Amino acid sequence: MSVSLQVQSGVSLKAFNTFGVDVRAQLFAEAHGDDDVRQALAYGAEHDLPVLVIGGGSNLLLTEDVQALVLRMASRGIRILKEDCGQGLVEAEAGEPWHPFVQSCLELGFSGLENLSLIPGTVGAAPMQNIGAYGVEIKDVFHSLTALDRQTGELREFSLEDCQFGYRDSIFKQQAHRWLILRVRFALSRSASLHLEYGPVRQRLDAMGIKQPTPVDVSRAICAIRREKLPDPAVLGNAGSFFKNPLVTAELSDAIKLRYPGLVGYPQADGQVKLAAGWLIEQAGWKGFREGDAGVHALQALVLVNHGQATGLELLSLARRIQADIAERFGVTLEMEPNLY
Ligand code: FAD
Ligand code: NAP
């Protein structure tokens, strides 16, 4: 193992988290491959410092300077490992940016990831919360991944079943900091089976005059919807949905509906109802709220935003006020989605 890791001290993380929160990392390095990852973990152990692995920083809320070696995954590489009867096995390194990876798969003629277009972040972080949008989650096209066990230093292969994917959840989220994901493999197809029945996807395609959409058309439609509704982190700091959509009992959902007939909820197979957290927050009057530079997006109440100089603690304090208000008004507990450090 040749020594190539460049470790810097006192690095601002403002450019490395999409909230744009200005905290410092005690140490910072980028991993361009497995050797760098191993060197960083050894460096951390030698200096008695934890190692915090990040990708694009689009699902983080940093509340103070990070007393750790922050390791940004920057490994690159996309390859078709196997193709048989129109079914492809495509592998990508953890540091590959997610949306360009989706575009590359579409350019290679593979469908399956189009509904997950324009999600920020990296391939390596995508399994962490089983990223999902417009009716598709990565578990639907996931094949396997390779991760490093930070406890033993050994490599481990994870099958779909091993990952224990759930709604914005996985074994990697449950066992935080144990597994470092190095590369992920997806089972994609050359014959498209499109998912258009979710939210405004079909209407958007109709408006685009497309009757028989291709996967590329679906990707374009989803990009257009997202660009209209979601703030671009390059312009307005945010980490996407700040709260998960809560799953509640049918009784609680019915009780809320009596008072708020417009309640947006989706019955689940297990009898629970998934409520649209954004709707609850909007009803409670938070949409567009701003205090200092911490605020709630004016077009989507589920997204907290940094108008410029908000600190992580200010954003966290706003999130806690919203949680308390929603609990009091609706009896519903909102769980935060971003990872807090
Ligand atoms: P980071 O924020 O860098 O890290 C997230 C977590 O993963 C951290 O705990 C980190 O320690 C860990 N981690 C990162 N890389 C690795 C690795 N290689 N191995 C092990 N652990 C790792 N999410 C959705 O699910 N659906 C959406 O539609 C969606 N839309 C979004 C829209 C916007 C505008 C924004 C800002 C965010 C959105 N998100 C969405 C959230 C976010 O983009 C995803 O969760 C994304 O997968 C995070 O990737 P990242 O590389 O930025 O991870
Ligand atoms: P939306 O279309 O306004 O819908 C509001 C919520 O209702 C969504 O969160 C979605 O839940 C749910 N929903 C809508 N149609 C549904 C259906 N047919 N069946 C079941 N549930 C349905 O949501 P949005 O904020 O614009 O986001 C659109 C999609 O992108 C959603 O899938 C959302 O999860 C995803 N997204 C995620 C993030 C993030 O950071 N996690 C950020 C932006 C967008 P689900 O969230 O469970 O899909």
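The shell around ligand 2 has six nonpolar, six polar and five charged residues. The model is predicted. Domain 2 (78-229) and domain 3 (237-340) both contribute residues to this shell, so ligand 2 lies between them.

**Ligand 2: contacts**
- There are 17 residues around ligand 2, and R168, Y198, K229, K274 and Q300 come nearest.
- The side chain of K229 places an N or O atom 2.6 Å from an oxygen atom of ligand 2.
- N245 has a polar side-chain atom 2.8 Å from an oxygen atom of ligand 2.
- For E337, a polar side-chain atom lies 2.8 Å from a nitrogen atom of ligand 2.

- Ligand 2 taken alone exposes 800 Å², and the protein buries 81% of that.
- Three elements, β8 (132-133), α5 (215-229) and β13 (237-241), each give two or more residues to the shell around ligand 2.

**Strand β10**
- β10 spans residues 142-149 and is mostly covered, with seven of its eight residues buried.
- β10 pairs with strand β12 (residues 179-189) in the antiparallel sense, over seven bridges.
- Within that pairing, S144 has R185 of β12 as its bridge partner.
- β10 also pairs with strand β11 (residues 155-159), again antiparallel, over five bridges.
- L145 stands opposite F158 in β11.
- The hairpin of β10 and β11 has five residues between the strands, and there G153 takes a positive phi near 80°.
- In a regular strand, side chains alternate between the two faces of the sheet.

How values were computed:
Residues are numbered from 1 along each chain as its sequence is written. Chains are lettered from A and ligands numbered from 1 in the order in which they are written. This is a predicted model: local features need pLDDT of at least 70, side-chain atom pairs count only at pLDDT 80 or more; totals for chains, interfaces and linings use all residues. Side-chain values use heavy atoms; hydrogens and water are left out. A residue is near a molecule or strand if one of its heavy atoms lies within 4 Å of it. A polar contact is a pair of N or O atoms within 3.5 Å; within protein, one must be able to donate a hydrogen and the other to accept it, and residues adjacent in sequence count only if both atoms are side-chain atoms. Accessible areas come from the Shrake-Rupley method with a 1.4 Å probe; for residues, only the protein chains shown count as cover. Helices (H or I, at least four residues) and strands (E, at least two) are DSSP runs, numbered from the N terminus. Ala, Val, Leu, Ile, Met, Phe, Trp, Tyr, Cys and Pro count as nonpolar, Asp, Glu, Lys and Arg as charged, and the others, Gly among them, as polar. Domain bounds come from an automatic or database domain assignment. Buried means under 20% relative accessible area, exposed over 50%, partly exposed in between (1.4 Å probe, protein chains only). Two strands pair if DSSP finds at least two bridges between them.
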